Amino acid sequence: MTDIENARKPASRSPAGLLARPLRPYAEIFQIPGAWRFSTAAIIGRMPMSMFGLGTVLLISSVTGRYGVAGAVSAAGSLGYAFTSPRVARAVDSHGQRRVLLPLMTVFAMATALLIVAVQLQLPTWAFFVPGAVAGATMPSLGAMVRARWSVLLAGSPRLHTAFSFESVADELCFIVGPAAVTLLATEVYPASGVGVAALLCLLGTLWFAAQRGTEPVVTPPARPGAGRSGEPGRSGRPRRSGRVRGAAAPGLVVLAPVYLLLGAMFVSIDLSTVAFAQHFGHKPLAGFILGTYAFGSATGGLWYGSRQWRAAVEKRFALTLTLTVLGVATFWAQPNLITLTCGIYLCGLTIAPTLISGFSLLEAQARPGRRTEAMSWLSSGIAVGVAAGASVVGFIIDAHGARLGYAFAALCGAASAVTCLTGLRRLRTAGVPARAAG
């Protein structure tokens, strides 16, 4: 036994040592020079992902009183983001993060300002859609970029799993703080302040993130057609098996993209059904607290999941946590009251972050050379499309049949995602991702 091990042993048996042990892997990754700076900047810069859509709805509805138009403009922004995000990520992989982020951020800020002006002046409705769609399409996708930085810094290390887990927990933190903050700003301060603060956070976080040149991934030319075939070494030094999707950024996208799209539809169905469920019991303001509990459960599960090293293959873990999530969602329609719903939604949330972490780990390990950011951005785009499509369907279901059938629709979307995953599990295995290296 080494001196270091002897020194650590008594501490690990103390109560403080037992409490600190799960957090030790996170402390280790932030010892990398510059890591805490680019990660913190990315958290600030991606706060708008949980604030901008809701802030847009609150702004337009408060000025015009038209919730239908407000929701449509927000959906246009989500679709714009889903359409451009992989293309922006491809440009990032080809030209570098800073060169793409700075002009993208400028257009986003200008479009947001035009949206606020158009609403405040009560211009024709079409004048809301143009800047709303442009703002959504140009919102920087820092989540994929920060994971790309971790992928380079921790290539081949089991700590990459911990880094991905932290970023997923950071996503959940944004969804805990963001909606509450934007609602408070828009309702208690000024209708445009929610969208304005979201844009300001994006501006500051993106500028700080782009300034971290030392950790920015070096541009790698995309692989030539036929590269990465059987017999050619991959990043792990092993022969890379061929994917079945020629030209895709990663072979697993043919399975993961529809899975994440269905998950997006499930998530938004849960959100809207929870609002309607709380309203049915006369406690509509509690919907935000209940959904915050959902995100808190996900953050808790993500922290625990990221503090451990797993022997099971990453695709098996992905299938397992996804199935557990769907089984939990399938109980929501039968909850008798808000108390049991809150408890159930927290427990179900425990498996959300591990599912998303495993999905990103799969794509990171499968991504073709020079297309890592693009590959991971497809997952965010899939969720965005699912949110837009799911919201348009579940809204009518809730209006016609109530919140319980809305929850049933959420469970149906979740079941479809699990079936898609299990059906395509063999395709996910073909990439030959080592369990330890993938996280």
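Modeller: A nonpolar core is a set of buried Ala, Val, Leu, Ile, Met, Phe, Trp, Tyr and Cys residues joined through side-chain atoms within 4.5 Å. Keep in mind that this model is predicted.

Colleague: Which residues touch the most other members of the largest nonpolar core?

Modeller: In soluble globular proteins, nonpolar side chains tend to be buried together. The largest nonpolar core here has 77 residues. Those touching the most other members are Trp150, Phe209, Ile270, Phe318 and Val329.

Colleague: What does Ile270 touch, leaving out residues up to four places away in sequence?

Modeller: Ile270 is one of the residues with the most contacts to other members of the largest core. Beyond four places in sequence, Ile270 touches Leu291, Tyr294, Val329, Phe332, Ile345, Tyr407 and Ala410.

Colleague: Are H12 and H18 roughly parallel or antiparallel to each other?

Modeller: Helix H18 covers residues 403–423. The axes of H12 and H18 come within 8 Å and cross at roughly 165°. Angles over 145 degrees count as roughly antiparallel. So H12 and H18 are roughly antiparallel.

Colleague: Is the crossing of H12 past H18 left-handed or right-handed?

Modeller: The crossing angle is roughly 165°. As for the hand, H12 passes H18 in a crossing that is left-handed.

Colleague: Is Ser151 buried or exposed?

Modeller: Ser151 sits in helix H9, residues 142–153. Beyond four places in sequence, Ser151 touches Leu160, Phe164, Glu364, Arg372 and Met376. Its relative accessible area is 0%, and buried means under 20%. Therefore Ser151 is buried.

Colleague: Is Gln122 buried or exposed?

Modeller: Gln122 is in the loop between helix H7 (97–120) and helix H8 (126–138). Its phi is near 55°, a positive value in a residue other than glycine. The relative accessible area of Gln122 is 54%, and exposed means over 50%. So Gln122 is exposed.

Colleague: What percentage of the residues of the chain count as buried?

Modeller: The chain holds 20 helices and 0 strands. Of the 439 residues, the buried ones make up 52%.

Note on methods
Residues are numbered from 1 along each chain as its sequence is written. This is a predicted model: local features need pLDDT of at least 70, side-chain atom pairs count only at pLDDT 80 or more; totals for chains, interfaces and linings use all residues. Side-chain values use heavy atoms; hydrogens and water are left out. Helices (H or I, at least four residues) and strands (E, at least two) are DSSP runs, numbered from the N terminus. Buried means under 20% relative accessible area, exposed over 50%, partly exposed in between (1.4 Å probe, protein chains only). Contact means heavy atoms within 4.5 Å. Axes are lines fitted to C-alpha atoms, for helices over the stretch in contact, and angles run from 0 to 180 degrees between N-to-C directions. Angles under 35 degrees count as roughly parallel, over 145 as roughly antiparallel, 65 to 115 as roughly perpendicular and the rest as oblique. A crossing is left-handed if the near helix is turned anticlockwise from the far one by less than a right angle, and right-handed if clockwise.
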